[in-house]
Amino acid sequence: HVPAPPIPAGPVQPRPDVVQPAASHFEAAYKKWDKLDTTAMELELDNEDRKPAEEADMMLRSDGGAVSMTAVNYKQDREEYEMDEELQARAKDMQAVVRAKMTRAWQNKESGDALSKKGQQSEALRNYLLGAQELEYCITARCIMAPGLSDKVRDVGVEVKLGAARAAAGTADWEVAKSMSEQVLELDDGCSEAQEIKKAASKRLEPSG
């Protein structure tokens, strides 16, 4: 039996830490991630295969009679990229608001249609006007919408406002009938029914004698 080696005399020297504590390790990793410039990385990826600004492609766009030319497919700087990101986020918010207002406007339009069929023109007119009020924001924002959404707003606007013009004519409220028919024609200048209502309302509003 071999005896155990003697324990050396003197103070015990602590062993230096070889492994960093887990909490500190993760904290360091998070700090490193926080310092990572993800915007710069996304910008670099986004600019891949794009042309320098002076060689950008030009896109011609026509909307409601206005013609504009926009540079596309070119390398953006950081400020342009961040602005585009902000605009895209705001566009999504705007689309959500527009779709909610269009839904409520259409519901009012359907209520107006049902009341009109029952001969309740005053109540029908009230519902149509509520629908038209919901659409004011949407119609104002059409100039910055994608063409597809802009067309949908126009179509819903025509239906709602034309319903209001009909109901107003049915209650002999010629001022509202004229106003609503004019608003329809602003959205669709070829709407023959709106033209007829406007003509009838204008004639009724002419001073007598």
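A nonpolar core is here a set of buried Ala, Val, Leu, Ile, Met, Phe, Trp, Tyr and Cys residues joined through side-chain atoms within 4.5 Å, where buried means under 20% relative accessible area. The model is a predicted one. Its largest nonpolar core has 20 residues. Those with the most contacts inside this core are Leu 162, Ala 177, Val 184, Cys 191 and Ala 194. Two or more residues each come from α4, α5 (147–170), α6 and α7 (192–204). Setting aside residues up to four places away in sequence, Cys 191 touches Leu 162, Val 184 and Leu 185. Another core, of 13 residues, lies apart from the largest one; Val 98, Ala 132, Ala 141 and Val 153 are among its members. In soluble globular proteins, nonpolar side chains tend to be buried together.

Next comes a pair of helices. Two packed helices are described by the angle between their axes and the distance between the axes. For helix α4 (residues 121–140) and helix α6 (residues 174–187), the axes come within 13 Å and cross at roughly 40°. The crossing of α4 and α6 is left-handed. On the α4 side, the contact is made by Leu 125, Leu 129, Glu 136 and Ile 139, and on the α6 side by Val 176, Met 180, Gln 183 and Leu 187. Sorted by class, this contact has six nonpolar residues, one polar and one charged.

The last stop is Gln 95, in helix α3 (residues 78–117). Is Gln 95 buried or partly exposed? Gln 95 has a relative accessible area of 31%, so it counts as partly exposed. Between Gln 95 and Ala 146 there are 51 residues of separation in sequence, and their C-alpha atoms are 9.8 Å apart in space.

Note on methods:
Residues numbered from 1 in each chain as written. Predicted model: local features only at pLDDT ≥ 70, side-chain atom pairs only at ≥ 80, totals over all residues. Heavy atoms only, no water. Axes fitted to C-alpha atoms, helices over the stretch in contact; angles between N-to-C directions. Helix = DSSP H or I, 4+ residues; strand = E, 2+ residues; numbered from the N terminus. Left-handed = near helix turned anticlockwise from the far one by under 90°. Contact = heavy atoms within 4.5 Å. Nonpolar A, V, L, I, M, F, W, Y, C, P; charged D, E, K, R; others polar. Buried < 20%, exposed > 50% of the residue type's maximum accessible area, 1.4 Å probe, protein only.
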